[in-house]
Amino acid sequence: MFESLKELNEELWRRYKTLERNIKSQSNSFYDAYLSLVESSLKHMLQANNVYYDDTRTCGYIIKTNEVREFLFDQLKLNQYTYDKLIDYIKKSNDHKHKKEKNVSLETIINHQKIYFNFMESYFKYINKQFNETFSEEYYLQIFGITLKENNQYRITIKNLKDELKEVVDSKNLSDEDLAKYKKLLSINKINLLSLEEQNNELQKQIQTLQEIKLNSLEIKLNKALSMLSDLKDYVAENRIANSLIYKIICGKDITKDLIEQEKEKLYNK
């Protein structure tokens, strides 16, 4: 949403994207990002329209001054409800820094964003610019906490892959290259020190590396099994036994000489 901000001001667009990242992370830093976005938006409007304000004062003070009030009500035609809510949300955003609060809720995000939407819509009308936006609660419902959910899923995937690879890693039944790659993977403790976005990037890389190591380990097992079958002269028999062994490898079974003999016996005793 708020793609129109790109054309209006690059800084506002960057601040909005920061806000979205906090929504996706379900982070309480949403309040800081919201305050920064509203303050930057208000100052942009005032500067662009030569409305005096004291840049040394806070956003909560600036928006209440007579010059700014007149601009917002007389020029932007901002309604009283939106104006009052802006002041309320600015205050809450300031207050949250000094209080221990739970992570921001979806309801809070939707309410705050709706007021910011009304604020910007009024400004775009005033400057005769197209505001190609439609406010969507569904959009915020979809992105709320998505980065956190992805993080949890990535961690589960990595644990499962490491569990599957534990035996071949412990026995060092991997190529030297794959074993080196495995040992270079960052520990979860070190990953936890990163930001949530950086964590997800690192976790995705680890998943890709572990999947490659898993495929390579299966290939090693398969080559080992085929090597054990090299003394078979009957191509059809070799092919059938190989297929049976491939299935067992996929199911996680180890290939031993005894297992190969059992497969041969099954085939020839039919």
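**A chat about helices and salt bridges**

Visitor: Quick one to start: is S4 buried or exposed?
Guide: S4 is buried, because its relative accessible area is 6% and buried means under 20%. Keep in mind that this is a predicted model.

Visitor: Where does S4 sit, then?
Guide: In helix 1, which covers residues 4–8.

Visitor: And which residues does S4 touch?
Guide: F124, Q130, F131, N132 and E133. That list leaves out residues up to four places away in sequence.

Visitor: Let's zoom out. How many helices and strands are there?
Guide: The protein chain has 14 helices and zero strands.

Visitor: What share of the residues is buried?
Guide: Of 270 residues, 42% count as buried.

Visitor: New topic: salt bridges. How many are there?
Guide: A search of the whole structure finds 13.

Visitor: Why would two side chains pair like that?
Guide: Side chains of opposite charge can pair when their charged atoms come close.

Visitor: Which residue does R21 pair with?
Guide: E197, with the closest N and O atoms 4.0 Å apart. This pair links distant parts of the chain. R21 is in helix 2 and E197 is in helix 12, 176 residues away.

Visitor: How accessible are those two?
Guide: R21 is partly exposed, at 34% relative accessibility. E197 is partly exposed too, at 40%.

Visitor: What does K43 pair with?
Guide: E39, and the closest N and O atoms are 3.0 Å apart. Both are in helix 3. They are four residues apart, so about one helical turn separates them.

Visitor: K43 itself: buried or exposed?
Guide: Buried, with a relative accessible area of 15%.

Visitor: Last one: where is E137?
Guide: In helix 8, residues 137–143. E137 is partly exposed, with a relative accessible area of 49%.

Visitor: How far is E137 from I110?
Guide: They are 27 residues apart in sequence, and 6.3 Å apart in space, C-alpha to C-alpha.

Conventions. Residues numbered from 1 in each chain as written. Predicted model: local features only at pLDDT ≥ 70, side-chain atom pairs only at ≥ 80, totals over all residues. Heavy atoms only, no water. Helix = DSSP H or I, 4+ residues; strand = E, 2+ residues; numbered from the N terminus. Buried < 20%, exposed > 50% of the residue type's maximum accessible area, 1.4 Å probe, protein only. Contact = heavy atoms within 4.5 Å. Salt bridge = Lys/Arg side-chain N within 4 Å of Asp/Glu carboxyl O.
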